[in-house]
Each structure stands twice: as C-alpha cells, then as structure tokens.
Amino acid sequence: MKILVVVDMQKDFINGSLGTKEALAIVGPVAEKVREYKKQGIKVIFTRDTHTGDYLETQEGKNLPVMHCVEGTPGFELDGALETDDSLIINKTTFGSVDLPEVIRKTAGDISNTGELEIELCGLCTDICVISNAMILKAFFPEAIISVDAGLCAGVTPESHLNALNAMKMCQIKIY
C-alpha cells in the first residue's frame, strides 16, 4: 500500500508572507502528482500549518515573527491547483503532525509497520515541516518505506533544502 502525504502546500508558503520562487515552481508538478496518484487509487493526505491570531505570542511566533497560515485567512488555504476534494486534510499546530501516524495506522491497518507500506512525502518547507513529518513517520513506522520526492519540495532557502534532504537520508528516509 502506498500513501502520499502533501505537506503544507498553502498560499502563505507559496506566494504569501513566507512564499518563495522555489515553492511557486513546485505547485504545478505537485498538483500533477496528486492527480496521477489519485487515478492510480493511491491515498493522498494533505497537512495544513494551522495558527491562530495569537501566533506571535507563541514560541514559534517569537522565533519566526511572521504571521502566516492563520486559520480562516486566504494564506491558510491550500493552493487551488491541488485536488483536495476526496482527500483527508489534517490541520497541525506545529511543524510535525502528531495525528498523522494514527491516521496512517488506521488507513494501512496490519501492514502499517511493514515494508508493504510506502509513505511518500512532498511539499513545503523541506527544512521545517517536511523533515519533521518524515522523521515522525520514520519513528512510528521504522519498517515502512518512507520517501521524499526532493524535486517536489522546497525549503526556506536552497541550501537549507539540501541540508534537510541530507539529514533525512542519514535517517534512512529514501530521497529521490
């Protein structure tokens, strides 16, 4: 069984308050992958970075004092190019989703911690939320094949993107 996790492809990370040209460049290819995987019957799960109006008062907000992904704002929304209609969307209040492993365990059932389960990730930002979710999934499912499509991720900077890919590779996450 294969599952695709699309991490935080939200407007604020693409062309909003924390947008980058690298993030903008992957929107079309990520949308195409989602369409292709859905045609193949592969389950697609989306995550959304989720903050409230008091974001700047949180520990994260004090370290990254840029309002973004505030629930109910346009920047919180997933990019419209993505087909999310029949997919599960998980809101997460921190870099990695604490709910994602349980959702995957329920989806995959008895094979959730075997080599029969493949979990692929793509999205934003490689060096913060993609790496956090990949590491959480590797910890929960050490026997599953966890992979990251490097070409369908973008980091805060190109250098930090590469650093995150190398760190995940060292933790036995397949990078391609």
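Predicted model: local features only at pLDDT ≥ 70, side-chain atom pairs only at ≥ 80, totals over all residues.

Entry 1: I found an open sheet of six strands in the order β3-β2-β1-β4-β5-β6, with parallel pairing. The edges are taken by β3 (88–92) and β6 (174–175); each has a single partner strand, so one side of each lacks a neighbour in the sheet. I reminded myself that strands of a sheet pair through backbone hydrogen bonds, either parallel or antiparallel.

**Entry 2: strand β4.** I went through the pairings of β4 next. Strand β1 (residues 2–7) pairs with β4 in the parallel sense, over six bridges. Strand β5 (residues 145–154) also runs parallel to β4 and is joined to β4 by six bridges. Which residue of β4 is the bridge partner of Val7? I found Gly123 there, and the bridge partner of Gly123 in β5 is Cys153. I then checked burial along β4 (residues 118–124). Six of its seven residues are buried, so β4 is largely enclosed by the rest of the structure. The cut-off for buried is under 20% relative accessible area.

Entry 3: Two bridges hold β5 and β6 together, in the parallel sense. Val148 stands opposite Ile175 in β6.

**Entry 4: helices on the sheet.** Helix α2 (residues 21–39) lies across β1, β2 (43–49), β4 and β5, and runs at about 135° to β5.

**Entry 5: α5 against α6.** I looked at how α5 meets helix α6 (residues 158–170). Their axes come within 9 Å and cross at roughly 15°. That angle makes α5 roughly parallel to α6, because angles under 35 degrees count as roughly parallel. The crossing of α5 past α6 is right-handed. I listed the contacts: from α5 come Thr126, Asp127, Val130, Ile131 and Ala134, and from α6 come Ser160, His161, Ala164, Leu165, Ala167 and Met168.

Entry 6: Where does Cys125 sit? I found Cys125 in the loop between β4 and α5. The peptide bond from Leu124 to Cys125 is cis, with omega near -25°.

I then looked up two residues with positive phi. Asp8 is not a glycine, yet has a positive phi of about 50°. I placed Asp8 in the loop between β1 and α1 (11–14). Is Asp8 buried or exposed? Asp8 has a relative accessible area of 0%, so I count Asp8 as buried, the limit being under 20%.

Cys69 is the other one I noted. Its phi is near 50°, a positive value in a residue other than glycine. Cys69 lies in the loop between α3 (59–63) and β3. With a relative accessible area of 0%, Cys69 is buried.

Key
Residues numbered from 1 in each chain as written. Heavy atoms only, no water. Buried < 20%, exposed > 50% of the residue type's maximum accessible area, 1.4 Å probe, protein only. Helix = DSSP H or I, 4+ residues; strand = E, 2+ residues; numbered from the N terminus. Pairing = 2+ DSSP bridges. Contact = heavy atoms within 4.5 Å. Axes fitted to C-alpha atoms, helices over the stretch in contact; angles between N-to-C directions. Parallel < 35°, antiparallel > 145°, perpendicular 65-115°, else oblique. Left-handed = near helix turned anticlockwise from the far one by under 90°.
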